[in-house]
Amino acid sequence: IIGAGTAFASLPPGTFSDVRLKEDIQLIGKSQSGINVYNFKYKGSDQVYQGVMAHEVPNAAFIHDSGYLMVDYSKVDVEFKGVN
């Protein structure tokens, strides 16, 4: 999984939201609809991002051919973004 962020770099940012690809996960709050919002790093990266955990938003999550969960952020009231 090391370098997973670079392996999937051609995909829209934040779409890979599988907890197995993340580390240093910190709950920072909730969205207006009650979805947990986290800061995290993708394994092998020093960049901190803000977003959701796919397994917590089944209405917006789907399984990629790789077996990892992805999120359609247009279906949640959380913006995926880099924070540093």
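**Tyr42 and the aromatic cluster**

A polar atom of the Tyr42 side chain lies 2.6 Å from the backbone oxygen of Phe16. The model is predicted. Tyr42 also belongs to a cluster that ring pairs build from Phe40, Tyr42, Tyr49, Tyr73 and Phe80.

**Tyr42 in its setting**

- Strand E2, which covers residues 36–42, contains Tyr42.
- Tyr42 has a relative accessible area of 9%. That value is under 20%, so Tyr42 counts as buried.
- Leu21 and Tyr42 are 21 residues apart along the chain. Their C-alpha atoms are separated by 5.7 Å.

**Aromatic pairs**

- The count of aromatic pairs comes to six.
- One of them joins Tyr49 and Phe80, with ring centres 5.1 Å apart. The planes of these two rings meet at 20 degrees, which is under 30 degrees, so the pair is stacked.
- Tyr49 sits in strand E3 (residues 48–51). Phe80 sits in the loop between strand E5 (69–71) and strand E6 (81–82). The pair therefore ties together parts that are 31 residues apart in sequence.
- Phe80 has a relative accessible area of 15%, so Phe80 is buried, the cut-off being under 20%.

**A charge over a ring**

- Phe40, one of the cluster residues, has the charged end of Lys22 over its ring.
- The charged end of Lys22 is 3.9 Å from the centre of the Phe40 ring.

Technical notes:
Residues are numbered from 1 along each chain as its sequence is written. This is a predicted model: local features need pLDDT of at least 70, side-chain atom pairs count only at pLDDT 80 or more; totals for chains, interfaces and linings use all residues. Side-chain values use heavy atoms; hydrogens and water are left out. Helices (H or I, at least four residues) and strands (E, at least two) are DSSP runs, numbered from the N terminus. Buried means under 20% relative accessible area, exposed over 50%, partly exposed in between (1.4 Å probe, protein chains only). A polar contact is a pair of N or O atoms within 3.5 Å; within protein, one must be able to donate a hydrogen and the other to accept it, and residues adjacent in sequence count only if both atoms are side-chain atoms. Rings of Phe, Tyr and Trp (its six-membered ring) pair if their centres lie within 6.5 Å; planes under 30 degrees apart count as stacked, over 60 as edge-to-face and the rest as tilted. A charge sits over a ring if NZ of Lys or CZ of Arg is within 6 Å of the ring centre and within 35 degrees of the ring normal.
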